[in-house]
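Subject: Structure handover

Hello,

Here is the structure I said I would pass on. My notes on what was found in it follow below.

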Amino acid sequence: MIRVAMVLMSLAPVALLAQPNLDELIHKMTLEEKIGQLTQIGGVPFMPDSLTPEDRIRKGQAGSILWLSDPVAINRMQKIAVEGSRLHIPLIFGLDVIHGFRTIFPMPLAMAASWDMPMIERVQSIAAREARAAGIAWTFAPMVDIARDPRWGRIVEGAGEDPYLGAAVARAQVRGFQGKDMSAPDRLLACAKHFAGYGAAEGGRDYDSTYLSDEQLWNVYLPPFRAALDAGVGTFMSAYMDLNGVPATANRFLLQDVLRTAWGFKGFVVSDANSVKDLETHGFARDAKDAAYRGFSAGVDMDMASRTYLSNLGSLVEAGKVPVASIDRAVRSILEAKVKLGLFERPYVEETLLGKVLAMPDRKEMARTAAERSAVLLRNEGVLPLAESVKSIAVIGPLGDSRRDMLSMWAGFSVDLKNTGTILQGIQSRFKNAKVGYAPGVQVLKPIRSMFEDMLGSKAPDAWSAEQTRKEFAAAVELAKRSDVVVMTLGELAFMSGELASQSSLELPGRQQELLEAVAATGKPVVLVMVSGRPLNIVWASTHVGAILQVWHAGDEGGAGVARLLAGDVTPVGKLPVSWPRDAGQIPVYYAHNRTHQPETAEGFKSRYWDQASAPLYPFGYGLSYTRFAYSNLKVSAGSQVLVSVDVENTGKRAGEETAQLYVHQRAGLASRPVRELKGFEKLSLKPGEKRTVQFTLGKDELRYWSAQEKTWVVEAETFDVWAGGDSTAQLHATFEPRQLAGLK
């Protein structure tokens, strides 16, 4: 790490401009130049425009540029701003650096499955280092939306269903991107998105309206945003959807009452792409001028891509509807971010810097480690790890040798697929003494292309003929018959999840289920390796397949990581960040629901459905290992804080890592509280036979909740249940009463 820091410091661009006096600079600016700072334009022509980006920059009509990743192009445009415009104000170049820039790591939901906050922070620090080396200073991440509906495509981009885990992941990502000093040559300005409630879209349909009670909003959907703010996040992004009938991009409650008044946020808010202009589309604003007024007045400082502010804010100021002081406040917040990033002093990037950064040795190893630690072992009936003596392995399935589908849709802005290894390649490299065969078996095609596939140059393959389809299926089954073990690689294509990629069904796309059943019928040991951006229906596999390993879209080194997991070189440590549904008919299904009229623990309770169990297939927090862990000796003492301790023992024959989880339930009070809520977790590495005591502390932050009756946060002197274990169904139980904490807010 010391060597990496020294290299980056030695490559830092030479200072060109003095740090400005912002009062003087704002005083010099014309109204048009001020509004230009509030405008973000595309560096490539995704949005039609009568002027080129270069012309906009020369006129002072751009404060930020997005969708560029080439350092030469970035420097060229920056030079126009710094040397060719009147006030020489540098641009902020922003991009969706979601889970890597050139080195692609596992998708965010996968990284959340690691429950490893230091690892997540390290991953995002490498992403920041690479992006900043290309001249990008701002990432539109982390996405911290809570998602309890896996039909929603953007579940891939968040941390799952739980606000406590989501808050921890949000803090880790912000620290990774921004570090302690955003002006450092290896750090980025982070952006918490999408504020707020986007993940609760009706029907899991992207962009659809959300309807959330104040209780849900404060207790479930806002905590990860507050955690990002507490970690120092510099920017927020408004969301596309209506929240309770008011579009989030013009929602004064969110952007003023919560973000600025209650939380004291001092940074700036950027709209999502085109969402200011889309206030018209919502049927909320009368026209573009009204949209500009409503968005800006609500608290959106920068308009992304639509140029609605550029065309309308000036006349609104001249008409007296928007005060100049409000414009100045917004401009100041953006200029302050540029100062913190060091852009006035170092606006340019050395154009060979990215190549030198990509030569640093730690990134590939970190990508493989992240893939290994993000995978979740869902089932293992003695099949894994594979024996070193295995003579033949059949890799079967459409995702076994697909580079692009190891990545998510967000990897498309700067990806170089030659750096991505497939599962087949990983297995071939690791099991050199085995005969490794491959057959795709079936083809998976996405029936409807999204605009992102076209933007990012994703080419759809030609569909197989009926004859080829028959031959490929038969060849896969025959390969399974003549192999010792089968690794099935099934799931989703990269663009089947993500933005504009919701789906009504959770079934395996295409004929993958049919292929799985046909291969399993051969009687050969089968390992199902699931590549997907969301939970899919694997009910049949959960009782008919020997092992199931969920590896998500695992990134550049996912193939190598999967092979090492199959071989037992590393032991699975991942835990589910979402409850895994049986099928789409259960959705939403999440562990932190209320008890209701007849609790699931009631005597004689079977299911709320007559045709299937109402419990998920696999619970939140669940994940197997190649060893076993036992919990005992749960102790609780309540005073000025509640102290909880539990013993965790590795009762298996190999070393492993367990994520000990703590859940609580408040039995009575001003509201019916969820049956369980995660309030602590800790990762432990234990040798065979080793036992260790884990200690948790519960204070007012863990025990309080927002009361709809009191319209504030409360901590009540009621009886609490507490459980400790390896997932949200933990059975080791105790109680406590936090009387000394009661009344604290």
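Buried means under 20% relative accessible area, exposed over 50%, and partly exposed in between, with a 1.4 Å probe and protein chains only. Helices (H or I, at least four residues) and strands (E, at least two) are DSSP runs, numbered from the N terminus.

This is a predicted model, in which local features need pLDDT of at least 70 and side-chain atom pairs count only at pLDDT 80 or more, while totals for chains, interfaces and linings use all residues. Residues are numbered from 1 along each chain as its sequence is written, and side-chain values use heavy atoms, with hydrogens and water left out.

S1 runs parallel to strand S10 (residues 303–304), joined by two bridges, and Gln 40 stands opposite Met 304 there. Three bridges join S1 to strand S2 (residues 64–66), also a parallel pair, with Ile 41 opposite Ile 65. Two strands pair if DSSP finds at least two bridges between them.

**An open sheet**

Three strands form an open sheet in the order S17-S18-S21, with antiparallel pairing. Strand S17 (629–638) and strand S21 (691–698) are the edges; each has a single partner strand, so one side of each is left without a neighbour in the sheet. From one strand to the next the twist averages 20°. Axes here are lines fitted to C-alpha atoms, for helices over the stretch in contact, and angles run from 0 to 180 degrees between N-to-C directions. S17 is joined to strand S18 (residues 642–650) by eight bridges, and Ala 638 stands opposite Val 642 in S18.

S17 also holds Asn 633, whose phi is near 60°, a positive value in a residue other than glycine. Asn 633 counts as partly exposed, at 38% relative accessibility.

**Helices**

Helix H20 (residues 466–481) has 16 residues, which at 1.5 Å a residue should span 22 Å; its end C-alpha atoms are 23 Å apart, which agrees. The expected span is 1.5 Å times one less than the number of residues. Which residues of H20 are buried? They are Phe 473, Ala 476, Val 477, Leu 479 and Ala 480. Seen down the axis, the buried residues of H20 fall within an arc of 160°, so they line one face of the helix; the arc is that of the directions from the helix axis to the C-beta atoms. Their cover includes strand S12 (392–396), strand S13 (435–439), strand S14 (485–491) and helix H21 (512–520).

The axes of helix H7 (residues 117–133) and helix H8 (residues 163–178) come within 7 Å and cross at roughly 35°. Residues in contact (heavy atoms within 4.5 Å) include Met 117 and Ile 120 of H7 and Leu 165 and Ala 168 of H8.

**Backbone exceptions**

Most residues other than glycine have a negative phi, and most peptide bonds are trans. His 88 has a positive phi of about 60° although it is not a glycine. His 88 lies in the loop between helix H5 (71–84) and strand S3 (92–95) and is partly exposed, with a relative accessible area of 37%.

The peptide bond from Phe 195 to Ala 196 is cis, with omega near -5°. Another cis peptide bond joins Leu 384 and Pro 385, with omega about -5°; Pro 385 is in the loop between strand S11 (376–380) and S12.

Regards
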